[in-house]
Amino acid sequence: MKLKNIILGTTALAGLAMIGATAAAPASAADVVPGGALDLTITGFARFEAFGGEQDDLHLNPDQSRSLDFRNDTEVHVVARGKSEQTGLEYGATIEFEADTNNTLNTDESWIFLRGGWGEVRLGDEDGVADNSVVGGQTIAAGTGGIDGSDAVIMAAPVVFLTNTNDATKIRYYTPSFGGFSVGVDYTPTQETVNSGANNGQVFANKDGPFAMEGKNVVEGALVYDGDFGGVGLLASVVGVWGELKNGADDAIADGGFGDDKWWGVQGGAALDLYGFKLAGSIANDEVGDTTRKFFTAGIGAALGPVNTSITYGQIFDTNSDFDEATGIGDKAYNVVFSADYAIAPGLVLAGDVSKFDNDATQDFGTGDKGWAAVGSVRLAF
């Protein structure tokens with residue numbers, strides 16, 4: 001997650017009420033029908049990756065190959081934007097299409113936004129504020145993103161984010177910035193799979209059966225500061241998650257559940273831009289049912305001429321036995337990633353990461369649990 005992308009928009013009843021209060025007159029249907037009322041922009045990215053290393057140990061999957069491999073990562077974003085001259089209300093939508101040739105699930109995120117002097121609200125399949133506003137070592141990472149970069153260097157142990165709603169369907173709201181401070185909140189009424197946006201969108205939630213929802217009434221919040229003190233840039237946040245686990249998710253851990261219906265977490269972090277160096281870190285407590293995970297991140301970055309570099313680190317430093325049993329991962333898992341990138345031309349970047357990891361496996365996955373992995377990438381943004 002880049003610094004410039006941290007603070008943007010979420011949940012809504014208060015925001016929607018303010019929209020209604022400021023609207024001078026409702027728009028007629030003719031003003032909003034398809035066919036040219038809004039400005040359309042096509043953006044996106046195309047990425048080519050070459051990767052290798054001990055991928056089976058990285059992902060705790062004995063079927064994965066260690067040999068050199070190639071892959072694409074491509075998205076096309078359709079962005080619609082409009083503004084009411086009567087009220088000043090800005091509005092529109094974004095649809096993000098997965099464009100890789102082997103991807104049959106073709107839409108990643110899709111959401112409508114409304115924006116005014118009262119802030120911004122987004123409605124649809126979009127990341128929650130606990131993901132969008134978290135600050136940590138990954139915030140200043142170069143390359144493909146360090147500990148939050150390519151899957152080719154991200155290990156199985158979760159060392160960056162709280163368990164959250166991912167891009168499940170939600171309402172998300174952010175206030176405007178007041179003296180550098182802003183607040184975000186979102187609400188996800190049901191979540192098919194905890195920590196995933198899978199099977200949301202147009203799918204109705206199931207209360208029972210093999211596809212019953214795992215989460216319900218999930219609220220995420222964020223307090224963000226973006227400013228500077230005496231020329232030192234500071235980006236900081238505290239984010240949290242609270243929700244209920246349902247059905248199979250709150251079954252006993254031995255049955256594949258989490259053992260209870262509680263779900264909450266909190267994470268605080270900061271990033272400094274200090275005399276040509278970037279420093280960042282975070283610390284978090286994550287409780288899903290009876291499982292407990294505590295972790296931290298850290299990072300340092302610097303520009304060496306035209307090359308951006310970073311070292312980012314994430315580590316689990318405390319778990320309970322229920323977490324170990326449910327995930328097969330212990331309390332000494334870590335990942336350290338060395339990253340660099342170089343701008344070849346506008347919109348064209350050469351990037352790479354090398355990871356040294358230890359998943360600290362507490363179960364036999366048919367693999368080792370420590371090793372190294374690397375990725376090189378040509379990344380085009382348009």
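In the predicted model, Asp-56 touches Asn-61, Pro-62, Gln-64, Arg-66 and Thr-367, when residues up to four places away in sequence are not counted. Asp-56 lies in helix α3, which spans residues 55-58. The relative accessible area of Asp-56 is 12%; because buried residues are those under 20%, Asp-56 is classed as buried.

Lys-246 is found in the loop between β9 and β10. With a relative accessible area of 26%, Lys-246 is partly exposed. Once residues up to four places away in sequence are set aside, Lys-246 touches Met-213, Glu-214, Gly-215 and Lys-216. Of these contacts, Lys-216 is 30 residues apart from Lys-246 in sequence, while the C-alpha atoms of the two residues are 6.8 Å apart in space.

The largest nonpolar core comprises 37 residues. Within this core, the residues with the most contacts are Met-155, Ala-157, Trp-263, Ile-316 and Ile-329. Two or more core residues are given by each of α4 (129-132), β8 (215-229), β9 (232-245), β10 (262-274) and β11 (277-288). The largest share, four residues, is supplied by β9.

Ile-316 has contacts with residues beyond its neighbours within four places in sequence. These contacts include Ala-157, Pro-158 and Val-159, together with Arg-293, Lys-294 and Phe-295. Ile-316 is also in contact with Phe-323, Ile-329, Gly-330, Asp-331, Lys-332 and Ala-333.

Key
Residues numbered from 1 in each chain as written. Predicted model: local features only at pLDDT ≥ 70, side-chain atom pairs only at ≥ 80, totals over all residues. Heavy atoms only, no water. Core = buried A, V, L, I, M, F, W, Y, C linked by side-chain atoms within 4.5 Å. Buried < 20%, exposed > 50% of the residue type's maximum accessible area, 1.4 Å probe, protein only. Contact = heavy atoms within 4.5 Å.
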